[in-house]
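Hi everyone, thanks for coming along. I'd like to walk you through one model today, so let me put it up on the screen.

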Amino acid sequence: MSKTLFDKVWDSHVVRSVEDGPDVLLIDRHMVHEVTSPVAFLGIKNRGIGVLYPNKTFATADHNTPTINQHLPVQDPLSANQLKALEQNAAEHGISHWGLGHEKNGIVHVVGPEYGITQPGATIVCGDSHTSTHGAFGAIAFGIGTSEVEMVLATQCIMQPKPKKMRINVKGDLNFGVTPKDVALYIISKLTTSGATGYFVEYAGEVFENMTMEGRMTVCNLSIEMGARGGMIAPDEKTFEYIKGREHTPKGAAWDKAMEYWKTLKTDPDATFDKELTFEASDIEPMITYGTNPGMGIGISKSIPNAKDVQGGETTYKKSLGYMNFNEGEDMIGKPIDFVFIGSCTNGRIEDFRAFASIIKGRKKADNVTAWLVPGSHKVEAAIKEEGILDIIHESGFELREPGCSACLAMNDDKVPAGKLAVSTSNRNFEGRQGPGSRTLLASPLMAAAAAVTGKVTDPRELMNK
Amino acid sequence: MAYDKFEILKSTAVPLPIENVDTDQIIPARFLKATERKGFGDNLFRDWRYNNDDSPKADFVLNDATYSGKILVGGKNFGSGSSREHAAWAVYDYGFRCVISSFFADIFKGNCLNIGVLPVQVSAGFADKIFAAIEADPKTEIEVNLPEQKVTIVATDESESFDINGYKKGNMLNGFDDIDYLQNMKEEIKAFAENSPL
Ligand code: SF4
């Protein structure tokens with residue numbers, strides 16, 4: 001029978017299908033971090049059971065870590081306590097732990113691919129919804145709750161009904177100045193934040209074929225923002241090139257054997273999807289959000305829609321604009337901003353810093369802007385230095401911070417103050433996401449750079465050489 | 001963690017007719033620093049419920065003594081956003097055993113089922129009827145009958161059936177969780193894992 005890429009990977013991991021219930025799915029790789037794991041470790045302890053396969057779980061600290069002075073003791077006692085709990089739990093169960101200060105430390109979805117933990121055809125879970133990032137490699141990857149973290153620790157399985165399948169095609173070539181982030185924000189604006197709920201998405205078409213692995217990660221990362229469980233892209237030469245030789249990828253004969261399997265990982269020509277959508281690349285321009293969910297995004301040249309033209313409740317829409325202190329019909333261009341955040345598992349990889357640098361080079365940070373530049377990992381940080389990007393950052397009046405989730409969820413001290421407006425390369429613009437009362441505009445690293453040097457919302461194409 | 005069995009719940013309900021209520025609103029990230037599952041109910045809807053100086057916001061429904069009960073009725077796309085199970089814990093810990101909405105985000109729904117909060121998805125029309133009934137009389141009762149998979153507005157006897165798979169229904173009725181199930185098939189899992197390529 002013809003199968004989709006998703007079917008092939010899912011079906012090969014089903015240990016048992018429960019009658020009138022979920023599938024029992026074997027998990028190949030499990031990533032844990034300090035915030036969603038402590039209660040799970042406590043759970044197995046209370047049940048008196050251990051970790052079934054400690055070598056399939058990897059721990060890193062990221063959500064709750066400071067992004068300056070990481071060599072000093074963590075100030076916040078609650079954060080310090082969570083970090084200590086992760087370290088102890090990992091040690092007790094023989095799980096590899098890349099804690100604060102470790103050379104491999106970084107955001108869980110950035111380090112997974114960097115060290116080859118992420119592989120095509122694998123099932124990957126983590127107690128973080130942006131686990132969908134790893135789908136860029138042709139893996140089934142999705143976020144789970146703490147009860148499920150406990151299940152994976154105890155039994156290496158979770159119980160999930162098989163989602164429906166959706167394919168999203170974007171055809172043609174992207175316009176000048178349009179990045180993978182814009183493609184994703186465009187799709188979410190069309191589908192809304194619940195448009196793909198219940199589905200697992202496969203991205204297909206020239207736009208994704210031509211995209212770098214970093215770009216594919218950005219797109220898959222944002223799958224959850226349209227409600228999808230996850231998103232994936234069929235592995236190709238670019239994928240294999242990226243993972244080859246990384247620490248945890250197979251070597252020698254094992255590599256050849258894996259390649260045989262990986263090359264079968266594509267949707268059969270006559271396989272069917274429950275839903276299929278197609279967009280034209282030429283319709284997409286640099287995107288920015290104006291509201292309090294990632295579906296509230298528009299092309300930078302457009303103005304904020306009127307309540308009567310949007311789907312969903314008018315009350316909810318007006319509440320959202322009220323929170324943002326924006327009005328229907330206003331332009332986004334020209335709005336003065338206060339903060340810029342570049343980082344997160346969405347846009348905290350080396351390519352994102354290259355894009356940022358391409359715009360700030362030869363320009364100066366605007367005086368009214370506080371900028372947080374946070375690499376996704378130590379490896380990204382090292383590349384920034386190696387490629388001379390750090391010099392550009394300093395010459396333009398910016399500083400680089402240390403790796404972590406930082407202002408993506410503002411659990412640490414990197415909080416945007418109440419009422420302040422931030423252009424952010426992260427993934428969520430919910431009320432208070434970047435700090436109580438903070439207001440967030442989601443955008444690409446190019447857009448963030450343009451705002452950082454002009455002090456206001458600016459079309460990045462104006463600062464780019466064609 | 002085991003939870004209380006769920007069979008028939010008859011209770012007044014708290015209305016929250018806002019769409020896209022995300023998990024950052026249900027429990028903001030800064031309250032996720034605990035290493036134990038305790039006290040999350042205090043911070044349920046923290047930033048909608050309290051001012052910056054921790055005084056309650058009078059116009060938020062949880063601060064309005066008119067409304068109470070073990071059922072929370074939310075707007076469409078309830079629980080979108082992050083996978084934090086803390087959101088479901090906060091709902092449970094506050095005292096809710098059931099959330100009714102015309103549409104749930106996936107992960108939140110799964111998390112609820114795993115910890116003993118029953119997510120009941122009804123049609124948009126029926127959700128509106130429930131909101132209207134509560135508005136007309138805040139003391140109106142809603143009955144959620146899990147064995148029969150039926151939700152009823154007691155005063156008017158209007159009802160609608162809801163879906164839940166047989167396995168999860170059994171778990172909720174008996175207070176079992178997935179780990180109990182998986183623990184019993186460990187040998188099968190091991191045999192399967194040993195033959196898996198990755
Ligand atoms: S950067 Fe943000 S979305 Fe990504 S793992 Fe960290 S908190 Fe989650």
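Before the interface, one term: two residues are in contact if their C-beta atoms, placed from the backbone, lie within 7 Å. This is a predicted model, so please keep in mind that local features need pLDDT of at least 70, side-chain atom pairs count only at pLDDT 80 or more, and totals for chains, interfaces and linings use all residues. Residues are numbered from 1 along each chain as its sequence is written, while chains are lettered from A and ligands numbered from 1 in the order in which they are written.

Let's begin with the two chains. On the chain B side, 50 residues are in contact with 61 residues of chain A. Which elements of chain B give two or more residues to that side? They are α1 (23-26), α4 (106-115), α6 (166-174), α7 (178-183) and α8 (186-194). Helices here are DSSP runs of H or I with at least four residues, strands are runs of E with at least two, and both are numbered from the N terminus. α4(B) gives the most, with 6 residues. By class, the side of chain B that touches chain A has 18 nonpolar, 16 polar and 16 charged residues. For those classes, Ala, Val, Leu, Ile, Met, Phe, Trp, Tyr, Cys and Pro count as nonpolar, Asp, Glu, Lys and Arg as charged, and the others, Gly among them, as polar.

Now to chain A and how it is divided. Domain 1 covers 5-161 + 236-262, domain 2 covers 164-235 + 266-283, and domain 3 covers 288-459; these bounds come from an automatic or database domain assignment. The centres of domain 2 and domain 3 of chain A, taken over C-alpha atoms, are separated by 22 Å. Their contact takes 16 residues from domain 2 and 17 residues from domain 3. On the domain 2 side, the elements giving two or more residues are α6 (180-191) and α8 (213-221) of chain A, and the largest share, 5 residues, comes from α6(A). That side divides into 4 nonpolar, 8 polar and 4 charged residues.

Let me stay with α8(A) for a moment. This helix is mostly covered, with 7 of its 9 residues buried. Buried means that 20 or more other C-beta atoms, placed from the backbone, lie within 10 Å of the residue's own; exposed means 12 or fewer, and partly exposed is in between. Among the buried residues of α8(A) are Arg216(A), Met217(A) and Cys220(A). The buried residues of α8(A) pack against α4, α6, β10 (199-204), α7 (206-209), β11 (230-232) and α12 of chain A.

Is Ala410(A) buried or exposed? With 23 C-beta neighbours inside 10 Å, Ala410(A) counts as buried.

Asp157(B) counts as exposed, because it has 8 C-beta neighbours inside 10 Å.

One last stop in chain B: helix α3, residues 86-94. Why is α3(B) described as largely enclosed by the rest of the structure? Because 7 of its 9 residues are buried, among them His86(B), Trp89(B) and Tyr92(B). The buried residues of α3(B) pack against α1, β3 (71-74), β4 (98-101) and α4 of chain B. Just after α3(B), Gly95(B) takes a positive phi of about 125°.

That's my tour, and I'm happy to take questions.
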